[in-house]
Amino acid sequence: MSAAHSATCPTGGLEAIRQLLALAALAPSSHNCQPWHVSLLDAHGHPHADPGAAPNALVVGIDRRRALNALPAMQGEMHISAGGFAAIVLNLLRLSGWQARASLLPGACTTQDDALEPLARIELGAFDPGRRSAGLAALAAALRRRCTDRGLYRGSFALHDTMRQDVLPHSLADAQAGEPWHWHVVQPGLRYDQLGAFYRQHAMRDFVHGPAWRETYRHLVFSGTAQPRDGVGINIQSLFGPMPAWRRCLHRVLLHPRLLGALGPFGASAHVGTQIERLIHSSPAVIYLSTAASHAQAPCRHLLAGEAIARLWLAASVSGLSLHPLSVALQHPDLRARLGHLLGCDEELLFIARAGVPRRPANPALRYRRDPSVFCSPPLAAGPAAHHRTQE
Ligand SMILES: Cc1cc2nc3c(=O)[nH]c(=O)nc-3n(C[C@H](O)[C@H](O)[C@H](O)COP(=O)(O)O)c2cc1C
């Protein structure tokens, strides 16, 4: 049975959990590094050992061996990525019929040496198939549909209409009061033009910052559609559109960090900038998420921002819309400060993306994921390779 069928799977066993985790793994993550890890626990808090039964609790955390770390800002992006994943896991469980409850684990991991950083614990509670909600199929469909489209957009974007398509009704932070997140929409006009010009000038920073580019390059995949063995990374065609084998090879060489480091980015700098500006101008809106300065030091803010981002991103996909994050401006402190000034926003910026209807949908064969058998401990038996592609 594929992950897609989990929406109709009425059992509460370990295989059903595996299928839900495979669906949750369709969550977005920076560079598609999928930094999440899930520990399955029994009723005594020990590693779950009974292959015939569901665990009592799941601890979702970050696997530091997979996490991006070339820039300090990447830590926030890892928490955003894992937070979106954890929120999706919680919702899949609740909508399937578990009485699941989440608690956040701020600072649970004290040493930087630990490979795993626990972030949220989800108690599964009792399973009752009668509680299964129609929202499960809607969430499963949105997860399969959502992807990052990086081409030209069209159409219009209305934040409130989009939010009405919420498929994540349950929150990791049920116990916490207040919603300190603010979504903002920038639409064509003077500020929009300034935003386009800002990205034209600065988009190239990704390529010229040595450590950041080396880390990005490690996550680029230059195959046709073949799934990389580790199931992570972004195909070069997801960034620049379909291309034949010889052009993929050329990109592999020209974008190599040693070559870029030695020769500089040739004339590509101007090209990348104008291309991003063109993409922004094709889009009906740029949206961004901020949090009040008073909340800016809250330990779980990135995790919960991840939930807010996943909520909007999935709702957008239900409405036929796509998002394309433009994170470079948030990854470098000087750019972040200039962007805040340009947007007239004195809150902490957490996420920025252009939004709209993609003119050409992304190729689903280029969407790679890790199977729960490799991101869970104790390891789950591998399921059918729902997202794996055959080798070319
Ligand atoms: C916090 C965050 C930041 C991201 N920043 C960028 C970005 O700057 N540029 C980009 O093209 N994609 C960005 N992405 C999208 C990821 O690359 C994408 O989610 C990942 O490759 C998986 O692909 P999918 O979203 O199509 O499933 C970001 C995703 C997240 C969660």
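Guide: Ground rules first: helices (H or I, at least four residues) and strands (E, at least two) are DSSP runs, numbered from the N terminus. Residue numbers start from 1 along each chain as its sequence is written. The model is predicted, so local features need pLDDT of at least 70 and side-chain atom pairs count only at pLDDT 80 or more, while totals for chains, interfaces and linings use all residues.

Visitor: OK. Where does His31 sit?

Guide: His31 is in the loop between helix 1 (14-24) and strand 1 (36-41). Its phi is near 55 degrees, which is positive in a residue other than glycine. Most residues other than glycine have a negative phi, and most peptide bonds are trans.

Visitor: And which peptide bond is cis?

Guide: The one from Ser377 to Pro378, with omega near -10 degrees. Pro378 falls in the segment after strand 12 (376-377).

Visitor: Zooming out, how is the protein divided?

Guide: Into domain 1 (3-146 + 366-377) and domain 2 (153-364), with bounds that come from an automatic or database domain assignment. Their C-alpha centres lie 23 Å apart.

Visitor: How many residues of each are in contact?

Guide: 43 residues of domain 1 are in contact with 42 residues of domain 2. Contact here is a C-beta rule: the two C-beta atoms, placed from the backbone, lie within 7 Å.

Visitor: What supplies the side of domain 1 that touches domain 2?

Guide: Helix 2, strand 3 (101-104), strand 4 (116-123) and helix 3 (135-145) each give at least two residues to that side. Helix 2 has the largest share, with 15 residues.

Visitor: What's on that side by class?

Guide: It has 24 nonpolar, eleven polar and eight charged residues. For the classes, Ala, Val, Leu, Ile, Met, Phe, Trp, Tyr, Cys and Pro count as nonpolar, Asp, Glu, Lys and Arg as charged, and the others, Gly among them, as polar.

Visitor: On to the ligand. Which residues come nearest?

Guide: Pro28, Asn32, Cys147, Pro325 and Ser327, out of 18 residues around the ligand. To be near, a residue needs its C-beta atom, placed from the backbone, within 6 Å of the molecule or strand in question.

Visitor: Which elements give two or more residues to the shell?

Guide: Helix 2 (73-96) and strand 10 (322-325) do. Helix 2 gives the largest share, three residues. The shell as a whole has seven nonpolar, eight polar and three charged residues.

Visitor: Which domains give residues to the shell?

Guide: Both domain 1 and domain 2 do, so the ligand lies between them.

Visitor: Helix 2 keeps turning up. At what angle do helix 2 and helix 12 cross?

Guide: At roughly 60 degrees, with the axis of helix 2 coming within 6 Å of that of helix 12 (residues 301-318). Axes are lines fitted to C-alpha atoms, for helices over the stretch in contact, and the angles run from 0 to 180 degrees between N-to-C directions. That makes helix 2 oblique to helix 12. The wording goes by angle: under 35 degrees is roughly parallel, over 145 roughly antiparallel, 65 to 115 roughly perpendicular, and the rest oblique.

Visitor: Which residues meet there?

Guide: Helix 2 brings residues including Gly76, Gly83, Gly84 and Ala87, and helix 12 brings residues including Leu303, Ala305, Gly306 and Ala310. By class, the contact has nine nonpolar, seven polar and one charged residues.

Visitor: How do helix 1 and helix 2 cross?

Guide: At roughly 140 degrees, their axes coming within 9 Å. They are therefore oblique to each other. Leu20, Leu21, Leu23 and Ala24 of helix 1 touch Phe85, Ile88, Val89, Leu92, Leu93 and Ser96 of helix 2. That contact has nine nonpolar, one polar and no charged residues.

Visitor: Last one: how do helix 5 and helix 14 pack?

Guide: Helix 5 (residues 190-202) and helix 14 (residues 333-343) pack at about 165 degrees, axes 11 Å apart. They are therefore roughly antiparallel. Gln194, Leu195, Phe198 and His202 of helix 5 make the contact with Leu335, Leu339 and Leu342 of helix 14. Five of these residues are nonpolar, two are polar and none is charged.
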